[in-house]
Amino acid sequence: MEGSRTTHDSDFASRKAEEAAWRRFQAAGWLESLVGPIGVSTHPSEREFVSCLRNGLVLCNAINKIHPGSVPKVVENHSQPLSAYQYFENVRNFLVAVEELKLPAFEASDIERDTLEAGSAAKVVDCILALKSYHEWKQMCGGNGHYKHVRSPMVVHSASRVNSRALVANPSDSNRRLDMSVKPPLESTEVPKLEVFAECMVDVKENIDDNLLDSF
């Protein structure tokens with residue numbers, strides 16, 4: 001019984017680490033598509049990902065790309081490295097802009113420390129992915145209506161990858177009878193798009209209803 005519990009805990013920790021790594025991969029890839037190279041590997045570790053955001057430049061430039069003027073003054077790194085105070089100023093201004101958009105934020109201390117506390121990197125990643133979802137919503141809806149953030153369930157992606165690995169590991173399973181009543185899970189990249197589309201439809205309906213009421 002004890003051995004089974006240990007195995008279960010180990011599997012859970014492994015899945016959790018896999019999901020966290022996938023979320024960092026998504027966040028880093030999106031930031032680079034928006035502002036250019038951010039100086040991290042394709043699959044950055046928690047420390048590597050957080051370190052590239054520490055001076056606040058990537059964060060401020062990203063949110064200004066999405067919502068121009070969100071951070072009016074960005075302290076740039078031209079001739080010499082930024083001081084700790086300048087780091088803090090950039091990060092603080094970014095966090096203020098994020099809160100104005102009503103998106104999940106993190107504490108400035110989450111990216112200042114050399115030793116990461118449990119969950120601090122996850123909060124940073126969640127903030128970046130929330131900004132990514134907001135950007136996708138804005139591109140689809142043109143910024144009309146009200147955006148409500150919903151955290152995407154990354155376990156869906158992990159489950160689909162586990163299933164695909166199982167098929168590769170057991171090719172003989174392809175000869176087995178398929179259960180057509182079970183629908184394949186959506187990829188994680190599809191979930192936010194569906195959420196954005198659904199919210200756009202709600203906003204459009206609300207706008208139409210308002211216009212009809214005004215016409216009477």
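This is a predicted model: local features need pLDDT of at least 70, side-chain atom pairs count only at pLDDT 80 or more; totals for chains, interfaces and linings use all residues.
Local features need pLDDT of at least 70, side-chain atom pairs count only at pLDDT 80 or more, and totals for chains, interfaces and linings use all residues. Numbering runs from 1 along each chain as its sequence is written, and side-chain values use heavy atoms, with hydrogens and water left out.

**Nonpolar core**

The largest nonpolar core has 44 residues. Such a core is a set of buried Ala, Val, Leu, Ile, Met, Phe, Trp, Tyr and Cys residues joined through side-chain atoms within 4.5 Å. Buried means under 20% relative accessible area, exposed means over 50%, and partly exposed lies in between (1.4 Å probe, protein chains only). Helix 1, helix 2 (46-51), helix 3, helix 4 and helix 6 each supply at least two residues of this core. Helix 6 gives the largest share, 11 residues. Helices here are DSSP runs (H or I, at least four residues), numbered from the N terminus. In soluble globular proteins, nonpolar side chains tend to be buried together.

The residues with the most contacts inside the core are L31, F49, F94 and F106. L31 is in contact with G36, I38, F49, L53, V58, A62 and I128, leaving aside neighbours within four places in sequence. Contact means heavy atoms within 4.5 Å.

**Helix 4 and F94**

F94 sits in helix 4 (residues 84-100). Its relative accessible area is 0%, so F94 is buried. Not counting residues up to four places away in sequence, F94 touches L59, C60, I63, V71, F106, C127 and L131. F94 and A62 are 32 residues apart in sequence, yet their C-alpha atoms are 9.4 Å apart in space.

An α-helix has 3.6 residues a turn, so residues three or four places apart point the same way.

The length of helix 4 checks out. Its 17 residues should span 24 Å at 1.5 Å a residue, and the end C-alpha atoms are 24 Å apart, which agrees. The expected span is 1.5 Å times one less than the number of residues. K102 follows helix 4 and has a positive phi, near 60°.

**Salt bridges**

The whole structure holds three salt bridges. Each is a side-chain nitrogen of Lys or Arg within 4 Å of a carboxyl oxygen of Asp or Glu. Side chains of opposite charge can pair when their charged atoms come close.

| D126 | R23 | 2.7 Å |

D126 and R23 meet in a salt bridge. This pair links distant parts of the chain: D126 is in helix 6 and R23 in helix 1 (residues 2-35), 103 residues apart. D126 is partly exposed at 22% relative accessible area, whereas R23 counts as buried at 7%.

D110 lies in helix 5 and K123 in helix 6, so the pair ties together parts 13 residues apart in sequence. D110 is buried at 6%, while K123 is partly exposed at 37%.

E136 and K132 both lie in helix 6, four residues apart, about one turn of the helix. Both E136 and K132 are buried.
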